[in-house]
Amino acid sequence: MSAWDTLDERLRPTVQASTDEYARVRPGLEAVTAEMEANLRAVFADSPVKPLFVASRTKTVESFRDKASRMLPPEHPGELPTLLFPDPLRNLIDLVGLRIIMTLPHEVDQAANLIKRQRAEFDCRGDREKDIGSIESGTYGYSSRHLILRTIQNETVRQFHKLLEPDQRPNGSYLFEVQIRTVLAHAWSEIEHDIRFKAGDPRAWNPYFDRQFTATAAMLETVETAFAELHERYETVTGYWDEEGQGSAPLTPNRIRDVWMTLLPHVNRKSGDDWGWAAEMLAAHGMKTTMDLADLLQADAITKVRAALDHRYSPGPDRLLDDLLLWRFGRKHIDLTAEPEDAPAKPRRESLGRRYRQMQLYRARESEQ
């Protein structure tokens, strides 16, 4: 049941007059909406921050009437209630609304900060996270960043003001709302809105809905966190190839451990173990930078090494690094890291020799196919 349906009969003429006026000027407001969407698209056009999409809407006449019908209870019994928005055409700041949909949570903040820097176009009059209190209360809901922006000397707004108040001097300033959220939060909120808010029939209410929406919102938060971690790992891994940045960082034992645990977290050892052995083995081949290690730990090389040696069990970092260096450098790796050929006992040289012959046989078979 809408607010209009429950509106006090004595207030209906006032609300209807405001609604009729809104219907008259709404075409001018649609032009303002289109202008704001175009301006925000232009903001992102030359920026590395890229939304999935930007959408806009001008509040419908029916929605305007319903919101204009909201009442405040009377101070004393028997008195006439008052309207929450006595002058809705000027009190409501969501007649023009835009949505900016991003991929990941951190991009929401990037988009908001980018918009707020456009001080020649907009003055940010409000910035809040919707339902932030739900975090403290332990309940869940979709997260959405809400900006309230005011246009500055905008010509399209001036034309709307001339339509709205022909006798007043237009100033080109207008308040509108921008919502910024992730695509997962957007999907959740659209479905929730259809079921919980658009379906006004109280007979359709069921506590199961609240429970399930809370559960799905919690899952959404988990999924978004996982995507954020994937993105962070991707950014880290691609940085390993930067010749002047992370990629040039020297291979200290701790650096080797961090790179290994990023690229091969499933082939791990205790985080407190000393990785000095790895630094010495890599340095023997002149491999001293992060980029050298990232280049060695490629998935296709690991797959071929494991196939060639037919590992019965997953090798640990010590064995896998040794095998990868043997795969790349062959006998050079044996001569640089094993006992001398004339040593009385040479178990490492013999082990490396057996593994190297297996690799040669595998390569021969691969070349014949």
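The buried residues of helix α10 pack against α9 (253–263), α11 (290–296), α13 (317–329), α14 (331–337) and α15 (347–368). Here, buried means under 20% relative accessible area, exposed means over 50%, and partly exposed is in between, using a 1.4 Å probe and protein chains only. Contact means heavy atoms within 4.5 Å.

A word on what you're looking at: this is a predicted model, where local features need pLDDT of at least 70, side-chain atom pairs count only at pLDDT 80 or more, and totals for chains, interfaces and linings use all residues. Residues are numbered from 1 along each chain as its sequence is written, and side-chain values use heavy atoms, with hydrogens and water left out.

**The whole protein**

The secondary structure comes to 15 helices and seven strands. Those helices (H or I, at least four residues) and strands (E, at least two) are DSSP runs, numbered from the N terminus. The C-alpha atoms fill a box of roughly 110 × 50 × 45 Å along the principal axes. The radius of gyration is 32 Å, while a compact globule of 369 residues would have one near 21 Å; the value is taken over C-alpha atoms, and the globule rule is 2.2 Å times the number of residues to the power 0.38. Of the 369 residues, 40% count as buried. Take the contacts between residues at least 6 apart in sequence: 69% of them join residues at least 24 apart.

| Helix | Buried residues |
|---|---|
| α10 (residues 276–283) | Gly276, Ala278, Ala279, Met281, Leu282 |
| α9 | Arg255, Ile256, Arg257, Val259, Trp260, Thr262 |
| α6 | Thr156, Val157, Arg158, Phe160, His161, Leu164 |

What covers the buried residues of α9 includes α8 (207–239), α10, α11 and α13. In α6, the buried residues pack against α1, α3 (88–91) and β6. At the start of α6, a side-chain oxygen of Asn154 reaches to within 2.9 Å of the backbone nitrogen of Thr156.

Gln153 lies in the loop between β6 (145–151) and α6 (155–164). Gln153 isn't a glycine, yet it has a positive phi of about 50 degrees. Is Gln153 buried or partly exposed? Gln153 counts as partly exposed because its relative accessible area is 49%.

**Phe176 in strand β7**

Phe176 lies in strand β7 (residues 175–182). With a relative accessible area of 0%, Phe176 is buried. Which residues does Phe176 touch, not counting those up to four places away in sequence? They are Met36, Ile93, Val96, Leu98, Phe122, Leu147, Ile148, Leu149 and Thr151. Phe176 and Arg125 are 51 residues apart along the chain, and their C-alpha atoms are separated by 9.7 Å.

**Arg26 in helix α1**

Now to Arg26, which sits in helix α1 (residues 12–45). Arg26 counts as buried because its relative accessibility is 17%. Its side chain reaches the backbone oxygen of Thr58 at 2.8 Å. Leaving aside neighbours within four places in sequence, Arg26 is in contact with Thr58, Lys59, Thr60 and Val61.

Notes
A polar contact is a pair of N or O atoms within 3.5 Å; within protein, one must be able to donate a hydrogen and the other to accept it, and residues adjacent in sequence count only if both atoms are side-chain atoms.
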